[in-house]
Amino acid sequence: MENPIIDFYNNYDEEKRLTRKSHMPEYLITMKYIEKYLTENSKILEIGAGTGRYSIAFAEKGYDVTAVELAKHNIDVMKKKVKANHNIKIFEGNAVDLSFLPSDTFDMVLLLGPMYHLFTDEDKHKALSEAVRVAKRGAVIYASYCNNDTCVYKMFYDKRILSYVDRGLIEENFNTKSAPNEIFELYRKSDIDELMKNYNVTRLHFVGVDMLSYIFNNRFDRLNKKEFELYVKFIEEICEREDLVGFSMHMLDVFRKD
C-alpha cells in the first residue's frame, strides 16, 4: 500500500527547502535554540531527519548524531553528504516506533518534522512518547508544528481557500481538517498544549521560527544580504512574543525531560 507521505518526499526537493531566504529563518532560528542547550558531549537524535540539514550540520561540528528518517529517498540524499570523519548513524524508521533505540540515551532529541504528518491523537502521542522515552532525564526535546491559522491565511493569499472549503477541510471556526493524502496536519497552540499536558516535561520556549516569511516568500527572496541579516535579527527579537508567535507558519516547542 502506498504511503502518501513517502510519495510526497520522493517527489519533493527537501534538500533545497531551507536554502531560500524566505525559508532560511526556520533553520536559523531553530539552530539558535538548539545551540542554546548543546554541550560539548551532547549525544543528538534527530527523528524525521529529512535529507540531513540539521543532522549533517551537527555531525560536521563533531557531535555524536543518530538520524532516523521515514523516506528512503531522503536517506539516500543524506548518506551522500556523510563524510568519513562524521560520527553519524542513519536508520530508516518511523517516529511512532523507535523500539530499536534504547531508553534514556540522548542528551538532545529533535522531532522537527514528524508532527507535521501525524493525523490521529494516538500517533501523535506515540511520537511524543517515543521522543521523551529515548531522551535522558534533563535532556532537551524540540518538536515542530505547522500553524493552522497562518496556513489558512496563506490559502487566502494564494487564492486556494475555496478549494479547501469545497472539500470540507475548513470548519466554521477556520480550524482545518486533514488526512494523510493532504500531507500536512495543522495545529493551534491550544492543540499543542493539550497534547503536552500529561508529559513529565517542562516547557522552556515556544517559538515562532519563521513568522510570515512563507506568505511573502516571493518578496523576502529578493532581500539583499544586509536586508536579510536585519530581517533575521527582527525575527529573533519577536519570535517568543506571545502576541506574535501565532503568526508564524512553523512553531517550535522546546521542553526539558524532568
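Visitor: How much space lies in the second largest pocket?

Guide: About 240 Å³ of space lies in the second largest pocket. Before we look inside, please note that this is a predicted model, where local features need pLDDT of at least 70 and side-chain atom pairs count only at pLDDT 80 or more, while totals for chains, interfaces and linings use all residues. Residues are numbered from 1 along each chain as its sequence is written, and side-chain values use heavy atoms, with hydrogens and water left out.

A pocket is an open set of points on a 1 Å grid over the protein atoms alone, where a 1.4 Å probe fits and protein lies on both sides within 12 Å along at least five of seven lines; lining residues have an atom within 4 Å of a point. The volume is the space filled by probe spheres set on the points, which are joined across faces, edges and corners.

The second largest pocket is lined by 13 residues, and the closest to its centre are D121, K124, E185, Y187 and D191. Helix α6, strand β6 (186-187) and helix α9 (189-196) each give the lining at least two residues. Helices (H or I, at least four residues) and strands (E, at least two) are DSSP runs, numbered from the N terminus.

E130 and R133 form a salt bridge, with their closest N and O atoms 2.7 Å apart. That term stands for a side-chain nitrogen of Lys or Arg within 4 Å of a carboxyl oxygen of Asp or Glu. E130 counts as buried because its relative accessibility is 12%, and R133 is partly exposed at 23%. Here buried means under 20% relative accessible area, exposed over 50%, and partly exposed in between (1.4 Å probe, protein chains only).

K189, D193, R203 and D253 are linked by them into a network. In helix α11 (residues 225-238), E229 and K225 are four residues apart, about one turn of the helix. Their salt bridge has its closest N and O atoms 3.8 Å apart. E229 is partly exposed at 42%, whereas K225, at 64%, counts as exposed.

K89 is partly exposed at 35%, and so is D64 at 22%. Strands β2 (residues 64-69) and β3 (residues 88-92) pair in the parallel sense over five bridges; strands count as paired if DSSP finds at least two bridges between them. Within this pairing, V68 stands opposite F91.
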